[in-house]
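Here are a few exercises to work through with the sequence and the model side by side. Try each task yourself before you read its solution.

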Amino acid sequence: MSQVSTAEMSGLGHLGDAPIEAALDRYLAQAAHLEASDPNEVALAAALIETALQRHRLGEPDPNPLDVLVADLALSRASRLLAHGADLPLQVAFARAIEELAAAGAERRPIGDVGARLLGVIREGR
Amino acid sequence: MISSRRLRFGTESPTEFLDITGHIQGQVDSAGLRQGRVFLQSMHTTLGLLVNENEPLLLGDLQSMLDRLVPTSIAYRHDDFPARAGIGPDEPANGHAHCRQALLQPSVTALVENGRLVLGRWQSIFAVELDGPRAREIAVQLDGEFAPEAEASRDGPTWIDSDLRLLDLELRRQLEVDPEAVGSPMRGLVQAGGKRLRPRLVLLCSRLAGQPDRLKSVLLAAAIELIHNATLVHDDYVDESPFRHGVPTVAAREGSARAVAVGDYYFAKATRIIAELGNRTVTQIVAEALEAICRAQIDDLTLRGSYPGDRDSYLGVVGGKTASLLAASCAAGASLAGAAPELVTRMARYGELLGIAFQMADDVIDFSRESGKPMGQDVRQRTLSLPLIYATDDPVVGPRMRALLDGPLPESDVQEVVALVQDCGALERVQDEARSLAEAAVAELDGLAHLNGSSPDPTLWPDLHSRLESIARGAAARTY
């Protein structure tokens, strides 16, 4: 993992490193050409959001309580990374993506491929 | 002069005696009534009023009397639904509750002299729930002579009243446009009550400097209230709490899947609203507070293994869970108004001190007979609580406290823990600490007028100072 991601992983050990690393590599490749935002921070934020929403098991009952809280921490950390390193349209696009996925989960609709949705946010945010 | 209000609260049990004396005195205080009368009227046919002694065994006797005179085990014609016309699908079988209410009173009048309720030494005013748990409402009218400053404030709404009304409209607007699956549960939570302390701080601090943008301030205040409620939705799921503000929690009513999704939705929506304000500093302030809240929630859950913990752990958790968003509300409001960094930092410090004092007062209320809430809820739910920590450290009662808290805590043990905490001086110690923190918060305000080049707007500062000072001292002194 990159230096920025190592520093940002404290307290998130419960999520497991491997899934975040795999997601991070995909997002880094997509974010490399962002002009108005920091690619490292955006990619890590996206990886944290993806992992958090998976841990929350949107639409499924009885997620593990500690998982819920650690995933909340991952989401909040992603929010801080985006507040620091992403331009306004990208911040808004990430938030809207989470809103759509969460609404689908609340309605028990299939939430689809979270990773693909977030990659789309980065791609359109160039 | 007459001032009309509503007292809203939630109940948690089928039958419950809620001591509302403190709430009614609070209404007298806030209205500024000096001499006169307070009229109370239950707005329900299964909620009675009563003036009697708040003594737990007597309350048990009263409960037994109701059980004996109007037992639940016999048939009531009111519960014969096929024989009744025009009843809804959710009609409760509560004939006994209506009959019990006939033994109580639907209204009570209390006299007020020199700003204090005129009550005998052993008299308390109770709202008696007979068909709980429910959201309840009591109409309150205050009639008589009011303090001059209270008369002035009733002549017309102040700017903060007007901003708070805008806030309510904005919250309603935001929740109306959301998908029903998330909007409906959040509307239930937001409308159930809450003190709106965080948005109030945003609105006040956004007047500290420059030219405040009223609409942006209201949007920021609404977003912070949504963040607060989103964290509560997840917190209630993790804590398995059945009620919040007297109504079932989102998790209890709608299930865990819906609760997690609702929390995520409003976390995202609130951060989007804030991002759309276009002020990166404000966005960062709130994002950092969110992270602090989440870290503290994990710590809180982890620390339950070593319940009741120690003072340092307590301050760490409270600093994150409660104080960080209050500090961010102040700092973000000030920053939105273009306040200088030093002023923003001071306001964050004010909010942090206020937040810790607020939580300490909350802990004390859990052991208070006058709060109107069931005592010992923190003990039953093993919630971090400073009076419990101090009582456990006490050389006299500490060993017994530890033995009780290490066990399964049946109701008799909870009552013993409450009594030990009440008797060992822990509550007074925590109250003193809360008051000291509130004074330290006020001291932060006192220094602001002398900041070199970054002082608050001098035309608004006296009014803002007075309101912020009142919030800090009120948070530490509150009894409900």
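**Exercise 1.** What span should the 19 residues of helix α5 (residues 88-106) of chain A have at 1.5 Å a residue?

Some ground rules before we start. This is a predicted model, where local features need pLDDT of at least 70 and side-chain atom pairs count only at pLDDT 80 or more, while totals for chains, interfaces and linings use all residues. Residues are numbered from 1 along each chain as its sequence is written, chains are lettered from A and ligands numbered from 1 in the order in which they are written, and side-chain values use heavy atoms, with hydrogens and water left out.

*Solution.* 
- Step 1: helices are DSSP runs of H or I with at least four residues, strands are runs of E with at least two, and both are numbered from the N terminus.
- Step 2: the expected span is 1.5 Å times one less than the number of residues.
- Step 3: for α5 of chain A that gives 27 Å, and its end C-alpha atoms are 27 Å apart, so the two agree.

**Exercise 2.** How many residues of α5(A) are buried?

*Solution.* 
- Step 1: buried means under 20% relative accessible area, exposed means over 50%, and partly exposed is in between (1.4 Å probe, protein chains only).
- Step 2: in α5(A), 14 of the 19 residues are buried, so this helix is mostly covered.
- Step 3: chain A has six helices and zero strands, in the order α-α-α-α-α-α.

**Exercise 3.** Is B:Arg196 buried or exposed?

*Solution.* 
- Step 1: find B:Arg196 in the loop between α6 (180-191) and α7 (197-205) of chain B.
- Step 2: check its backbone; phi is positive, about 55°, although B:Arg196 is not a glycine.
- Step 3: its relative accessibility is 16%, so B:Arg196 counts as buried.
- Step 4: compare B:Arg382, in the loop between α14 (377-380) and α15 (386-393) of chain B. Its phi is also positive, near 55°, but B:Arg382 is partly exposed, with a relative accessible area of 25%.

**Exercise 4.** Which residues does a cis peptide bond with omega of about -5° join?

*Solution.* 
- Step 1: the bond joins B:Gly132 and B:Pro133.
- Step 2: B:Pro133 sits in the loop between β7 (124-129) and β8 (135-146) of chain B.
- Step 3: there's also a cis peptide bond between B:Tyr307 and B:Pro308, with omega about 5°. Look for B:Pro308 in the loop between α11 (280-303) and α12 (311-336) of chain B.
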